[in-house]
Amino acid sequence: MFASWNPAQPEITDLIVQHDPYTLARVRVRKQDVLEVFGKFGNRKAIRAVEGLPERDGWLDEKEIDRLLVRTHWEMQRLGEEFYHGPRVYELLRAVIAAIRKGGFEGELKVVDVGCGIGYDIRWLAARTELAKKGVELTGFDLNSALIHEANRLSAAEQLPCRFLHGDAFSLDHSGHIFLSTGVIHHFRGQGLREFLERHERPETQAFLHFDFQPWFLAPYGSWFFHFLRMRTALARHDGVLSAARAHSAGTLAEAARCAAPGFASGIYGAKIWNTPAPRVFHTLLGIRRPLIEALGKALGRRAWRLGELR
Amino acid sequence: MTLLWLYLLALLDGLLCGGRVSMGRCALIRKRGYYARALVRGLLGAQVISTLALVALLLVDRFSPHQTDLVLDLEDAAERMLWVFLPYAVAVVASLALRMIPSTDLRSATSVLGLGPFTAIRPFVMVAGVLYGIWRSQLVETRVLGLFILGLMLSLEYFLNRGAAARQRKEIREVV
């Protein structure tokens, strides 16, 4: 295994932007500290990428880092577009919404994107679907204020019916009936994964949908090839491939959800292509309140075979 | 006729280069106008290199001592190039056409199995096509012209990419 594919290490973006966990204020990051983390893993690729990051007196230049992150997220959106991620999210989300409505919920339904970045999923749903007109509130949360600012700028430029907030999606100030995320859940490891899933256990929450890379032996190679071709920054090329290597297996995700959020029936959706053994690039950890399972199956219709065991 | 085919393939390549360098540089959801402008830039870029190639060809023809043989030699070389470029272009266009089918899995598969690998091999196809074309040519003028055109073809994406990167840098500086 290459050192840059070692799943035990964090991604560069996990380290170069830090926030105070209570105030969410940005915390300065010393470049040398980041280099030392990757030095321990012998990850020369990451070291080269970090060495290239702009700094001032040994501290990473926050404004330049934000610019780099925005650029990287624009490129990540391109991958989402190329792999039709918006339609994939909508395919499952609309079935979940239909099941919740069938269950008798009539009010405004709040869909919350956790760690939304520049908000591609939410903006796509706002631009390409009728959800907002059908009483669905679309909101994205992220801890990075620069990305949230960019999400709001893009949303305003197209006058989309959605909003983006800087902060913790699970804070008591906000509520969500459906939580979703893309490429976020592998950032939570071990006990952190369970704690993340535990936070879905709120009385108003009806379901969660977490999309992430599906790990299999070719995934890091495929990810390397595509990031090499499509991404232009060393940061994105490194983290994109490491993300595929760090992705949780279906078993890990489902078991963690069943233990940490027992109020939901959890399982995997969309693991295979056309009911063949070939894996899809992304799979989805789905959790839904048990009384809604039957309605979900009906709402999925001919796609119900994509739904794994929910328990 | 052969030269016309090469010209059309150059325009198609420019069109796709223009689209490719613009991808990942605009995060709006609705961006048909953005992509249309990018495609036009690519098309214009291809037109510029085609014009340069034509000028070079006319100059060589003007000063070559083998004017009669040169035309035949160039046509033979161009015909051989088509044997490499045409199948490649057909494969790329077929991959794009498959994306018209409304299946997310099929469309993604065209990226993984078609467009991605085709993008990766583009420079090699360019080199292989031109080398195959000039390999058996009789005149040094044909070989020099072939290599000159190869340089132009390979530089097209580089220059389009530089332009797109500069526009992106400016926009990001404005928003952050």
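The model is predicted: local features need pLDDT of at least 70, side-chain atom pairs count only at pLDDT 80 or more, and totals for chains, interfaces and linings use all residues. Residues are numbered from 1 along each chain as its sequence is written, while chains are lettered from A and ligands numbered from 1 in the order in which they are written.

Val89(A) belongs to helix H5 (residues 85–102) of chain A; helices are DSSP runs of H or I with at least four residues, numbered from the N terminus. Next, show Asp121(A), Leu125(A), Leu180(A) and Phe211(A), which are in contact with Val89(A) when neighbours within four places in sequence are left aside (contact: C-beta atoms, placed from the backbone, within 7 Å).

Now colour chain A by domain: domain 1 covers 3–70 and domain 2 covers 76–306, with bounds from an automatic or database domain assignment. Their centres, taken over C-alpha atoms, are 25 Å apart. Between them, 19 residues of domain 1 of chain A are in contact with 18 residues of domain 2 of chain A. On the domain 1 side, helix H1 (12–16), helix H3 (44–51) and helix H4 (62–82) of chain A each supply at least two residues.

Finally, select chain B, where 19 residues are in contact with 34 residues of chain A. H4(B) gives the largest share of that side of chain B, nine residues.

Definitions and conventions: Contact = placed C-beta atoms within 7 Å.
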